[in-house]
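Student: Could you take me through how to read a model such as the one shown here?

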Amino acid sequence: MMVARLAWRQRFAPIPTGFVTVYDNDAVANEVDVSRCTRLFEADIECVRARVAHEWQPSLHPHHPPVPRSVAAMTEPWKSTTEGRHLAGRVKVSTQPELALRAALHRAGFRFRLHPRIAKGCTPDLVLPRHRLAVFVDGCFWHGCPQHGRKAPWTGPNAELWAQKMTRNAERDARSTKLAQDVGWTVVRIWEHEVRTDVDAAVGRVRAACLGESPGAEAR
Ligand SMILES: [Zn+2]
């Protein structure tokens, strides 16, 4: 946080407005509304800092934190739309399906750790270290579930960006599965809708993977 505090004093350059894309340690592109900069700093400062090193763009506004230069440099022309407003600043960890699965797993006697980084660029939603099992809970929308993911081409001012983003998300999912497997973890990816419709079945998949059943079937 020291870098941020130092940079906070330099308030001489205009801040960018609208949405910017911030890449965190996992090369995850996060669209951040700059008007929520405080939130950005609370949530992502550590990740962003690693990327941007000492490049900081000072802020003019006395109540605004400075923005990393490379954040400004990475600005993509996302247009703020009424339809997309609810997506800004969304929860990315401990989502409702994640919480539901955790509760069900705990009831079933499983003990786990949350969000550990098991490899560079690979942070499962939870792991069962005893079984060397990594569990990801994938939101149907963001991870492009075959049943609930978007099938129609993207429309609107951000269509191209949405398409790119979803492709990146899918690539990242495949990459983190592989990273985990490379260091000897079994991977179970569970769709949000599996948790919502039948959480016991989702727990059953985790149990089966712990018992080493249907190897290969766990990783989607
Ligand atoms: Zn789904």
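Tutor: We shall take confidence, then a helix pair, then a sheet.

Student: What is the mean pLDDT of the protein, and what share of its residues reach 70 or more?

Tutor: Where pLDDT is low, the predicted coordinates should not be read in detail. This is a predicted model, and its mean pLDDT is 73, with 58% of the residues reaching 70 or more. Over residues 1–17 the pLDDT is below 50, although the model gives that stretch 33 contacts beyond near neighbours in sequence. Residues 69–75 likewise stay under 50, with 20 contacts beyond four places in sequence.

Student: How do helix 4 and helix 7 cross, and which residues meet there?

Tutor: Angles of 65 to 115 degrees between axes count as roughly perpendicular. The axes of helix 4 (residues 96–107) and helix 7 (residues 199–210) come within 10 Å and cross at roughly 65 degrees, and the two helices are therefore roughly perpendicular to each other. The crossing is right-handed. On the helix 4 side Ala100, Leu101, Ala104 and Leu105 take part, and they meet Val199, Asp200, Ala202, Val203 and Val206 of helix 7. By class, the residues of this contact comprise 8 nonpolar, no polar and 1 charged.

Student: What is the strand order of the open sheet, and which strands stand at its edges?

Tutor: The 4 strands of this open sheet follow the order 5-6-7-8, with mixed pairing. Strand 5 (113–114) and strand 8 (186–191) each have a single partner strand, so one side of each is left without a neighbour in the sheet. Strand 7 (residues 133–138) runs parallel to strand 8, joined by 6 bridges, and alanine 134 stands opposite valine 187 of strand 8.

Student: Where does helix 7 lie relative to these strands?

Tutor: Helix 7 lies across strand 6 (126–128), strand 7 and strand 8, and runs at about 170 degrees to strand 8.

Notes. Residues are numbered from 1 along each chain as its sequence is written. This is a predicted model: local features need pLDDT of at least 70, side-chain atom pairs count only at pLDDT 80 or more; totals for chains, interfaces and linings use all residues. pLDDT is the predictor's confidence in each residue, from 0 to 100. Two residues are in contact if their C-beta atoms, placed from the backbone, lie within 7 Å. Axes are lines fitted to C-alpha atoms, for helices over the stretch in contact, and angles run from 0 to 180 degrees between N-to-C directions. Angles under 35 degrees count as roughly parallel, over 145 as roughly antiparallel, 65 to 115 as roughly perpendicular and the rest as oblique. A crossing is left-handed if the near helix is turned anticlockwise from the far one by less than a right angle, and right-handed if clockwise. Ala, Val, Leu, Ile, Met, Phe, Trp, Tyr, Cys and Pro count as nonpolar, Asp, Glu, Lys and Arg as charged, and the others, Gly among them, as polar. Two strands pair if DSSP finds at least two bridges between them.
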